Amino acid sequence: MTIAVVGSINMDVTAYMYRLPKPGETLHGKEYIVGLGGKGANQAVAARKLGSDVAFIGRIGADDFGKGAERALTSYGLDLSLIAKDHDGATGIAIINVGEGGENYISVIAGSNFRVDLSDVEKGRAALEQSRVLLLQLEVPLEASLAAAAIVRARGGTVILDPAPAKDLDPTVLKAVDIITPNESEAGLMLGWQPQSPEEGLRAAKELRARGVKAAVVKLGGKGLAVAGEGIEKILPAFKVTPIDTVAAGDSFNGGLAHALEQGQGIEMALRYAAACGALSTTKKGASAAAPTKAEVEAFLSRA
Ligand code: ADP
């Protein structure tokens, strides 16, 4: 295994609307899809679609949504052996509304994701020990994620934390990982002020790095990203695309970043590769389903 993921698995029920409903309002929309989601699954699928070997540690319930999740993970070539199954638990779900311009709001019920624990990490120890990159998010208990981080780092691997959904993190967490990748609002919550422009994104990245993480990448949606790390402090513009659904753009980005780093790319090239993955994912519907393949990213980058 070259990449490990400890994270959430959801089934996403996504409604495509002409506009987002207001509180108390009932609206007819265009269509819906049910597909694999959860930041952990999205990032695992994104890295797998790019050709990486991925070990995925997570938890589902023994219910219909869990069966759907297993089918989807298998269809992408992911191994289920480190996915624990709760016989009395419920598979996580996300209820997603997408508006005409691709903007969204999302309600998540974590279910079994909140039961990922140290025994799950222990079962995955051998895979973690072989991983060059570990992808973490904040949709499973932090204790399990940090235990996995310690295993990967002890062997010289790189730990990427996507601090999403936004949470105020204990300062020690930033020292336990190598790269953090908040979007604008997550960076805003961590810092107490909200970056509004690429220049402010760079200031945010520098402030986050000063808290003890090796590199901070602030994802700025259609405005690109800002990075502050060893030997690199810069703004990278976004690729030009026409977004139809921005759900999981950040997950495609992180999967792409892990893949590129695992392939030995330097941080700047890896971020460019990740940005191409994020941009391409906005041109397709769905979460995991929207992540691009290696061939799609290569064709896109050769045209850019
Ligand atoms: P998140 O999904 O975590 O909120 P972002 O929306 O910032 O993260 O997206 C992650 C990355 O994907 C961005 O930094 C950018 O590189 C790319 N991306 C996202 N939205 C767009 C867009 N509209 N156009 C081009 N690239 C995009």
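1. Gly-264 follows helix H9 and has a positive phi, near 95°. Helix H9 covers residues 249–262; helices (H or I, at least four residues) and strands (E, at least two) are DSSP runs, numbered from the N terminus. The model is predicted: local features need pLDDT of at least 70, side-chain atom pairs count only at pLDDT 80 or more, and totals for chains, interfaces and linings use all residues. Residues are numbered from 1 along each chain as its sequence is written, and side-chain values use heavy atoms, with hydrogens and water left out.

2. Helix H9 is largely enclosed by the rest of the structure, because 13 of its 14 residues are buried (buried means under 20% relative accessible area, exposed over 50%, partly exposed in between, with a 1.4 Å probe and protein chains only).

3. Strand S8 (residues 133–136) directs Val-133 and Leu-135 one way and Leu-134 and Leu-136 the other way, and all are buried. In a regular strand the side chains alternate between the two faces of the sheet.

4. Strand S8 pairs in the parallel sense with strand S1 (residues 3–6) over 4 bridges; two strands pair if DSSP finds at least two bridges between them. Val-6 stands opposite Leu-136 in S8.

5. Strand S8 also runs parallel to strand S9 (residues 158–161), to which 4 bridges join it. In this pairing, Val-133 is opposite Thr-158 of S9.

6. Val-34 lies in strand S3 (residues 31–37). With 44% relative accessibility, Val-34 counts as partly exposed.

Key: The expected span of a helix is 1.5 Å times one less than its number of residues.
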